[in-house]
Amino acid sequence: MKICIDRTNCTGLGICESLAPDVFEIDNAGQLLLLREDADDSVIDDVRAAIEGCPTEALTLVEG
Ligand code: SF4
């Protein structure tokens with residue numbers, strides 16, 4: 001599964017980073033960085049928590 005960010009909706013507050021720190025990081029400029037695009041078994045639960053926790057629905061998972 002691939003992680004997609006809708007950057008027009010992302011506010012950069014970093015709830016996703018707190019829920020999935022191996023995948024998401026807010027840089028010093030307040031931009032969301034994707035540390036990996038692939039959501040494999042090692043991170044999928046954290047990624048799903050981040051998707052649920054994102055207040056603007058900016059995160060999705062797609063096949064591939
Ligand atoms: S939780 Fe959602 S809105 Fe907040 S930084 Fe992450 S993707 Fe962006």
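Residues are called buried when their relative accessible area is under 20%, exposed when it is over 50%, and partly exposed in between (1.4 Å probe, protein chains only). The model is predicted, so that local features need pLDDT of at least 70 and side-chain atom pairs count only at pLDDT 80 or more, while totals for chains, interfaces and linings use all residues. Residues are numbered from 1 along each chain as its sequence is written, and side-chain values use heavy atoms, with hydrogens and water left out.

Helices (DSSP runs of H or I, at least four residues) and strands (runs of E, at least two) are numbered from the N terminus. In helix α2, the residues Ile44, Val47 and Ala50 are buried. These three lie on the same side of α2 because they cover an arc of only 120° around the axis, the arc being that of the directions from the helix axis to the C-beta atoms. An α-helix has 3.6 residues a turn, so residues three or four places apart point the same way. Asp45 and Glu52, on the other side of α2, are exposed. The cover over the buried residues of α2 includes β1, α1 (15–19), β2 and β4.

Leaving aside neighbours within four places in sequence, Leu59 is in contact (heavy atoms within 4.5 Å) with Cys4, Ile5, Cys16, Phe24, Ala50, Ile51 and Cys54.
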